[in-house]
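Biologist: I would like to learn how to read strands and rings in a model. Can we take them one by one?

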Amino acid sequence: SEFVANLRIFYAVFSARQDVGKSTEAVCVNSSDNYAEMVLMRKAVLDLVAVPAVKSQTAGFRMLAGTTSSVASPPSPARENQPSMQRQGSRPRLVVPNRSKADNAGVTPGQVSGIDYLRDPKLFKGMAFSLEERQALGIHGLLPPRIKSLEEQAENCMRNLRRFQDPLNQYMYMVDLLDRNERLFYKLLSENIEELMPIVYTPTVGLACQKFGLAYKRPQGLFITIHDKGHIFDILKNWPESDVRAIVVTDGERILGLGDLGAQGMGIPVGKLALYTALAGIPPHQTLPITLDVGTNRQELLDDTDYIGLRHKRITGDEYDEFIDEFMQAVVRRYGQNTLIQFEDFGNHNAFRFLEKYRNLYCTFNDDIQGTASVAVAGVLAALKATNTKLTDHTFLFQGAGEAAIGIANLIAMAMEKNEGVPREEALRHIWLKDSRGLIVKDRPEGGISEHKADFAHPHEPMKELDEIVKELKPTVLIGAAAIPKVFTPEIIREMATINKQPIIFALSNPTSKAECTAEEAYTHSDGRAVFASGSPFPVFEGFGKRYEPGQGNNAYIFPGASLGVIATGIYHISDAVFLSAAEALADMVTDADLEVGRLYPPLRDIRDISVKIATKIAEEAYEEGTASTYPEPKNKEELIRSTLYDYDYSKTNALPAMYSWPNDVQQYFSK
């Protein structure tokens, strides 16, 4: 083609222009900057048209990086942090490994142009660039003349956001902000968490996943399909950051309470990792959202013109397992053994077995099982303070026996064993589960009992209806985690209030449309005596001469802080003890003032400090138990944690390199 012909001409001209010096010791060129650019272009041409290289007198030499010298030096051995050519689609790109552009300290000035500060969301400061920065970077005139502070920009964004009434439009506004100004996005989210977390995460993220095909604009993570088997490591290399410490991965089979959304489940890893940074200060360049696309069994998606994933039914069995194995191995090969891998929204049948399979081989956890368990147990421990009771005083009944319910039940048993000295077998007798086939009992004639439910199967007659089970077992704690809306009927709530002076009722399913009951229903039908928590946010309720501020048992209280502690201390394998420690740390932060208004969790506005305290407790226990690998052991664990936090405040940074002078006498021209 004409394009290829022109490239060949360029190559010939370039080869001729290389003959600008005759010495094998040094090669002189008129402009080292132009020369370096041409070297890159030559490699691009060779890569595109496969023209044989012409040996020139520059062979065996390289240009000195970051200098105006016209002298080339002999080649040196490859270095870990030396720039290298990597393919980005069809366009070569100069990549500096392990370079963080989260702040100017990680920027190599000679490799970032002024226009990069406008195009790269990690560097962009909007109208906050000073006049000096604009002129020196060559971007003066490309921005409006007004210079705004970071605070003024944040206030402007919040005004714009609040103009939208539809939560999905607000979600899209936040996504657009992240795409253009990363640090401003995290400032907004971190400092307005109570208002914005329901927008960037549950419940709005569920709707965003359902509409993901319509709203998709640009890459925010990696999509790896089962047809990429054998090449997963190659795909991981395409991610432009090499210092990845935390990955959230899903296969989209069980997104929230919405079921199989296939590749459109990507909204969950993206949202989770945004909270890693906003709530725990984990630098965003160290996070990677991944969706493993193996197909979807939802026919409406397969028939949807705008669906973005593979158009076939889910692939299962050995091929699926081999795919997951290869993914785990590729992550370790690419990013290291202590890379944290959080499994998110896998189907029940896969979630439990992957947790057991990988927990002692990789640094991994399942948030649906362990994260949900930790935040729920934190609520239970806070409820003990509200009711002045202990765990062994209670009978627990779960509506649901999936990932979340089993995880919570196991952690409650562990807490009884750790804090009250109760053997596990005795602790299990305090816990009952009901699944879709009824109460889980020994030798159940219908439906059988799966392995992960077997520990909670007690001798009892089979029962199917929840209201009858409540009357029979007389539970003191009722926990819903099966995404069956309104299953806690007024009659059941009244029965709980009849049995107990202060019934503990947790409606943990989300999004809000899947909640077992609302806060208003729990308070109204218990005459204001319920100790209530939910998985989705509910408004303040006033009644019975009191103001109630229901606490949201959101996993966001746990997984960011727990992950921060794991990453900072270099824990290689994450045990359930980590999540029990996190639950205890969270419950300890609930004050009497919180309990007075019925809140079982600290205010969300304090969640960044909460995450640091959870991480600190995990760090202290990790060093005590010998599971930490970050050495030497710091005397002040909280100081270690805080030293790793991401700083979104660019009001104190300057895009220009530091300027300084030398003594006058060394700047004089040399003379004989």
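Biologist: Which strand pairs with E13, and in what sense?

Modeller: This is a predicted model. In it, strand E10 pairs with strand E13 (residues 477–480) in the parallel sense, over four bridges. Across that pairing, phenylalanine 398 stands opposite isoleucine 479.

Biologist: How many bridges join E10 and E11?

Modeller: Four, and the sense is parallel. E11 covers residues 431–435. There, tryptophan 432 is the bridge partner of leucine 397.

Biologist: Are the two faces of E10 covered or open?

Modeller: Both are covered. E10 spans residues 396–399. Phe396 and Phe398 are buried on one side, Leu397 and Gln399 on the other.

Biologist: Now the rings. How many aromatic pairs are there in the whole structure?

Modeller: The search finds 23. Take phenylalanine 346 and phenylalanine 354: their ring centres are 6.1 Å apart and the planes stand at 85°, so the pair is edge-to-face. The general idea is that a ring pair is described by the distance of the centres and the angle of the planes.

Biologist: Are phenylalanine 346 and phenylalanine 354 buried or exposed?

Modeller: Both are buried. They also belong to a cluster linked by ring pairs, with Tyr320, Phe343, Tyr358 and Tyr362.

Biologist: Which charged residue lies over the face of phenylalanine 233?

Modeller: Arginine 333, at 3.7 Å from the ring centre. Another case is tyrosine 173: the charged end of arginine 180 sits over its ring, 5.8 Å from the centre.

Conventions: Residues numbered from 1 in each chain as written. Predicted model: local features only at pLDDT ≥ 70, side-chain atom pairs only at ≥ 80, totals over all residues. Heavy atoms only, no water. Buried < 20%, exposed > 50% of the residue type's maximum accessible area, 1.4 Å probe, protein only. Pairing = 2+ DSSP bridges. Phe/Tyr/Trp six-rings, centres within 6.5 Å; stacked < 30°, edge-to-face > 60°. Lys NZ or Arg CZ within 6 Å of the ring centre and 35° of its normal.
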